[in-house]
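Here is a walk through a two-chain model, written to be read with the structure open beside you.

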Amino acid sequence: MNKSKLALTLLAVATGLIGCGKEEPKKPAVTQAAPPAPPPSIEIKIGHVGPLTGQIAHLGKDNENGARLAIDEANAANIKIDGKDAKFVLVAEDDQADPKVGTTVAQKLVDAKVAGIVGHLNSGTSIPASDIYNKANLPVISGSATNPKLTEQGFKGQFRVVARDDQQGPAVANYLATAAKPKLVAIIDDATAYGEGLANEVEKSLKAVNIKVLPREKGTDKTSDWKAILTKLKGRNPDAVFYGGMDATGGPLLKQGRELGVKAVFSFGDGACTDDMTKLAGAAADGLLCSQAGLPPQAANKKFLDAYKKKFNVDPILYAPFTYDAANLLIAAMKKANSADPAKYLPELAKLDYQGATGKIAFDDKGDRKGAEITIFTMKDGKLSPIAIIKGGQTVSYEDYVKASAPAPAAGPAKDAPKAEMKK
Amino acid sequence: MDIFVQQLVNGLTLGAVYAIVALGYTMVYGIIQLINFAHGEVVMIGAMVAFTVINALAAAGMPPLLVVLIGTGCAIPVCMLVGYSMERFAYRPLRGAPRLAPLITAIGVSIILQHLAMLVWSRNVMAFPQIIPLTTYSFAGATITGVQIVILSLCFAMMAGLALLVYRTRLGTAMRATAQNPQVARLMGVDVNRVIATTFVIGASLAAVAGVMVGTYYGVAQYTMGSILGLKAFAAAVLGGIGNIPGAMVGGLLLGVVEALGAGYIGDLTDLCRYGPLASALGERCADGGHFVLFGSNYQDVFAFVVLILVLVLRPSGLLGERVGDRA
């Protein structure tokens, strides 16, 4: 009885499938003959990968939410691709921030026939996975991986919408050099592609302005005991400490540093530049200097911020605006090419000029974002507040930047501009 | 010199925690010659239970000391229960089996406990709420925090308490009798099963306290924290001579100090630019105060195991262990 039922269902599904397959070639005739008939729909899968478990699961979820919002909005907008109703589906995967899992998951997405990928979150997982996507000719846009190597491999389909570490490193190093005026800096990293890469860039930039740097200290991305390293550093009495790593390890580092009485200014890269720092390090987090490889989430456009808050009931933490833009870029390119076939829409993606939640996005030859911003933050009373924006080597204080950019959308129509100024 | 004292203080704190965990290994080994590899997970469960309770109570705004005490008070019975059920359901049925069987079972229990914890508490890091005000004291040029003082004194108190229990009470006599020869102990009227179960329960309660201490010390707890801590404590127990209670204490403290000093100084010692002829051979890399560090402080976790290997090669019975041919 059961068996025959199963067979029946299978048969039904099979006929359904065959039916669909047959319908496709007929389609133009159908649409021409009877326009009111509902157009056939096509399902477009877009993959997202980030760590949804593990120490930085909160950041992975943040990234995924950004992409999910873009997909939901695209579905609500009834986009038509190749004359068919496009139904976008987000295939969200968890890479546990582990390079090994990252490649497994990448293969899984390739096998699932996704049309494009947003991710991964970490450089350490993005780089090995990029090879798999490249072999499958799939476009990938990372909204948060900052290691330069990612786009230096010559892969046609690899893009990113954030700044690279060789932009971020010098930016945070120069800011540190001018703001804290250190004579001696200690640099620690977590021995990951991201942490070590960023730390190397910072070291290079500091040495270039004749600041002495202590021999590199290293932990791992799971270290919770930093006391031995910090004690050693305390003996050298550095004026500043830079850590290349994520917030889950940076928090204990900062907390233990203050406990030991290390007086240096602490400075972190984007991976540890989150509000979670307050939870992990407590009052010790105050005075932290850190950078993000893009505009701060609160500087993303209002429409995005409101939609995000409404949908997920939280504020974006770090790179959600960027994964939102990344997903939208894929969709925009598909729209422009009128196809979800990677081979067809990839050329469009490469030359897209797009106005996203994080500003204007266009890619250079390597797939990096042109004119990407870097923001410097400081931790004050348990909240990260942006203090400066660095773009193309120019440092602008955050207030000036907001002032310069805020009237722009309001002053869109030329006539309104003088009025807006009068009010001020 | 200040730095040396500071590393020593860090190492002693860490070592005291290792010692408490090592006691759990050594007591069980002493009695039934089983290396209970799941002991590290009991420490983790202790930390997780305490953190859950502490996070809940801290939100309610209770006084910090009371919150931590209640948290520990909840962790201890949970760990005792885990320790008891471990012995009752996993090890007791294998009491007469070849020694390899319970050993493999112990590894299995460890994996099961870790994954159960993952299901209960998720993979995310739990942060210790910032409720304990940071108090620091200066001591011979080193900084010692209030938490460190509490950890150190509590560890020594527990070690003393355990020594009293084992060497001065009837239960302790029964434990030592069982350790020497379970058959004869049973003939003498000792309830061997009860004694063994009690040993597990005592070890587990020590582990619970160690879990709370290590969690509070670092400020974070996660479901994976038990395995490496357990292995290091096991190394400490072997270092001191497994089965030997004072040995575990000495081994733990020594291992903590070795680890802290090792991590603190290995970078300098293996900086090839410090050694004249090598520096000139390296030329440019050492020029202008450059460094060429062979092993950095990320090798911190390796020291415990280097020590373990050295002990096994040079003195298999450990520092304080006596040579008993048929027991190792």
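Two strands count as paired if DSSP finds at least two bridges between them. Helices (H or I, at least four residues) and strands (E, at least two) are themselves DSSP runs, numbered from the N terminus. With that in hand, look at strand 1 (residues 41–50) and strand 4 (residues 116–119) of chain A, which pair in the parallel sense over 4 bridges. Ile46(A) stands opposite Gly116(A) in strand 4 of chain A.

Please keep in mind that this is a predicted model, in which local features need pLDDT of at least 70 and side-chain atom pairs count only at pLDDT 80 or more, while totals for chains, interfaces and linings use all residues. Residues are numbered from 1 along each chain as its sequence is written, and chains are lettered from A and ligands numbered from 1 in the order in which they are written.

**Chain A**

Chain A holds 15 helices and 17 strands. Of its 424 residues, 53% count as buried; a residue is buried if 20 or more other C-beta atoms lie within 10 Å of its own, exposed if 12 or fewer, and partly exposed in between, with C-beta atoms placed from the backbone. Contacts are defined in a related way: two residues are in contact if their C-beta atoms, placed from the backbone, lie within 7 Å. Among contacts in chain A between residues at least 6 apart in sequence, 68% join residues at least 24 apart.

The strand pair above belongs to an open sheet of 6 strands in chain A, with mixed pairing and the order 2-3-1-4-5-6. Strand 2 (80–81) and strand 6 (158–160) of chain A are at the edges with a single partner strand each, so one side of each has no neighbour in the sheet. Helix 4 of chain A lies across strand 4, strand 5 (140–142) and strand 6 of chain A, and runs at about 160° to strand 5 of chain A. For that angle, axes are lines fitted to C-alpha atoms, for helices over the stretch in contact, and angles run from 0 to 180 degrees between N-to-C directions.

Chain A is divided into domain 1 (39–162 + 298–370) and domain 2 (166–292 + 374–406), with bounds that come from an automatic or database domain assignment. The centres of domain 1 and domain 2 of chain A, taken over C-alpha atoms, are 28 Å apart. Their contact takes 13 residues from domain 1 of chain A and 15 residues from domain 2 of chain A. On the domain 1 side, helix 2 (57–76) and helix 4 (123–135) of chain A each supply at least two residues, and the largest share, 3 residues, comes from helix 4 of chain A.

Leu318(A) is in the loop between helix 10 (302–312) and helix 11 (320–337) of chain A. Leu318(A) is buried, with 29 other C-beta atoms within 10 Å. Leaving aside neighbours within four places in sequence, the contacts of Leu318(A) are Leu59(A), Asp62(A), Thr274(A), Gln292(A) and Pro297(A).

**Chain B and where it meets chain A**

How many residues of chain B are in contact with chain A? The answer is 27 residues of chain B, touching 30 residues of chain A. Helix 1, strand 3 (142–145) and helix 10 (245–269) of chain B are the elements that give two or more residues to this side of chain B.

| Helix of chain B | Residues | End-to-end C-alpha distance | Expected span |
|---|---|---|---|
| Helix 5 (residues 146–168) | 23 residues | 32 Å | 33 Å |

Helix 1 of chain B is mostly covered, with 26 of its 31 residues buried. Just after helix 1, Gln33(B) takes a positive phi of about 55°.

Strand 3 of chain B pairs with strand 2 (residues 136–139) of chain B in the antiparallel sense over 4 bridges. Ala142(B) in strand 3 is the bridge partner of Phe139(B). Their hairpin has 2 residues between the strands, and Ala140(B) takes a positive phi near 50° there. Strand 3 of chain B is covered on both faces: Ala142(B) and Ile144(B) on one side, and Thr143(B) and Thr145(B) on the other, are all buried.

In helix 5 of chain B, the buried residues include Gln148(B), Ile151(B) and Cys155(B). The buried residues of helix 5 pack against helix 1, strand 3, helix 6 (170–180), helix 8 (192–218) and helix 10 of chain B.

Notes
The expected span of a helix is 1.5 Å times one less than its number of residues.
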